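Trainee: I would like to go through this model with you, one part at a time. Could we begin with the helices?

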Amino acid sequence: MSSNYRKPIDRERALLDLAVPCDYTSLCTFIEIMAERYDFLSVTGIGESILSRKIYMLTLGNEKAEKSVLYVGCHHGAEWITSLVLLRLVNELCEYYKASKQPFGINMQTLFSQRCLRIVPCLNPDGADLVINGVSKENILYERLMKMSGGDFSKWQANARGVDLNHNYDGGFLEYKRLEKENKIYPGATRYSGECPLSEPETASLASFIKYDSTVRMILTLHSAGEEIYYSSGGVYPPGARSIAEKLSRLSGYKLSEPSGLASYGGLTDWYIKEFGRPAFTVECGKGENPIGESKYFSIYAAIREMLMTAPLLI
């Protein structure tokens, strides 16, 4: 578990120092700073978590563009470092656009006029808070959470109801329920898929947005860790996915992999491929055991920043 010590945030820095544990307080502070600073950055909410925390979406580029890319971080509480990575991406893109710079030869003005970038930095704010801060007795779910966790949230992946959000989508859900029963998986820290697909407000909100916005042509879901990229579901490869995956791999140095076992079912990538037949990628960021400390966020980001910035141009 990360330290609760919080150094003062320097709001004047062009590129914010994001090396802090990304609980809900930190998340909201960084989003507030960027929203105040960049009038071309749109900040909206796509829904709320079980504990009524807002699920933020940051939008850059042309909201009327025919094609958009969706980035999603922190399905799993212990993987809150992915939120820091996506916040850094937003911060840098805004600064480059403002200064008319061209990172990796990418013309920001052209990118922002021809594409829309949707970023959900933290889908599971309740889970991230549990890992970083634990649970207070004032929490309405205190007794349930203590029973499920035994008081140890250091490896907690699920949401506040003990559901693993990245097994809660309708992508091989019934097959996963069979495996879940065989492996005696119950509500708790990880792997429990919920009573039915999209039973959780976090996943239901995201899925509703994706269904509503027909311009979403590709999804990048950030997890940790492994330095791998998954781009298929049940042996299904959407048109163009292999070519895009190879480019993402080349830009990041991450290897391409095939999901296996329990990881093969119920994820956002699985559902999006099944439902829409479009490219979706699960990016396992960095190396190490979750939660990866905030001190590693920039080295992880540095390795994949070109990939993240280039991705909208690949559709």
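Trainee: How do the axes of helix 1 and helix 2 cross?
Mentor: The two axes come within 11 Å and cross at roughly 10 degrees. Axes here are lines fitted to C-alpha atoms, for helices over the stretch in contact, and angles run from 0 to 180 degrees between N-to-C directions. That angle makes helix 1 roughly parallel to helix 2. Angles under 35 degrees count as roughly parallel, over 145 as roughly antiparallel, 65 to 115 as roughly perpendicular and the rest as oblique.

Trainee: Which residues make that contact?
Mentor: Helix 1 contributes Leu27, Phe30, Ile31, Met34 and Arg37, and helix 2 contributes Leu87, Val90, Asn91 and Glu95. Contact means heavy atoms within 4.5 Å. By class, the residues divide into six nonpolar, one polar and two charged. Ala, Val, Leu, Ile, Met, Phe, Trp, Tyr, Cys and Pro count as nonpolar, Asp, Glu, Lys and Arg as charged, and the others, Gly among them, as polar.

Trainee: What kind of model is this, and how are residues and elements numbered?
Mentor: This is a predicted model, in which local features need pLDDT of at least 70 and side-chain atom pairs count only at pLDDT 80 or more, while totals for chains, interfaces and linings use all residues. Residues are numbered from 1 along each chain as its sequence is written, and side-chain values use heavy atoms, with hydrogens and water left out. Helices (H or I, at least four residues) and strands (E, at least two) are DSSP runs, numbered from the N terminus.

Trainee: Back to helix 2, then. At what angle does it cross helix 10?
Mentor: Helix 2 (residues 81–98) and helix 10 (residues 297–310) cross at roughly 55 degrees, with axes that come within 10 Å. That makes helix 2 oblique to helix 10.

Trainee: And which residues are involved?
Mentor: From helix 2 they are Ile81, Leu84, Val85, Arg88, Leu89, Glu92, Leu93 and Tyr96, and from helix 10 they are Tyr297, Phe298, Ile300, Tyr301, Ile304, Arg305, Leu308 and Met309. This contact has 13 nonpolar, no polar and three charged residues.

Trainee: Changing topic: what is the strand order in the sheet?
Mentor: The open sheet of eight strands has the order 1-2-4-3-5-8-6-7, with mixed pairing. Its edge strands are strand 1 and strand 7 (255–257), each of which pairs on one side only. Two strands pair if DSSP finds at least two bridges between them. Direction ignored, neighbouring strands are turned by 25 degrees against each other on average.

Trainee: Which helix touches strand 1 and strand 2?
Mentor: Helix 1 (residues 24–37) packs on the sheet there, and its direction makes about 30 degrees with that of strand 2. Elsewhere, helix 8 (residues 241–252) lies across strand 5, strand 6 (228–230), strand 7 and strand 8, running at about 140 degrees to strand 7.

Trainee: Do strand 1 and strand 2 pair in the parallel or the antiparallel sense?
Mentor: They pair in the antiparallel sense over six bridges, and serine 42 has threonine 59 in strand 2 as a bridge partner. The hairpin has five residues between the strands, and serine 52 takes a positive phi near 65 degrees. Strand 3 and strand 5, by contrast, run parallel and are joined by six bridges. There, valine 69 has methionine 218 in strand 5 as a bridge partner.

Trainee: Last one: which residues of helix 9 are buried?
Mentor: They are Leu268, Thr269, Asp270, Trp271, Tyr272 and Ile273. What covers them includes strand 3, helix 7, strand 5 and strand 8 (280–284). Helix 9 is followed by glycine 277, whose phi is positive, near 65 degrees.

Note on methods. Buried means under 20% relative accessible area, exposed over 50%, partly exposed in between (1.4 Å probe, protein chains only).
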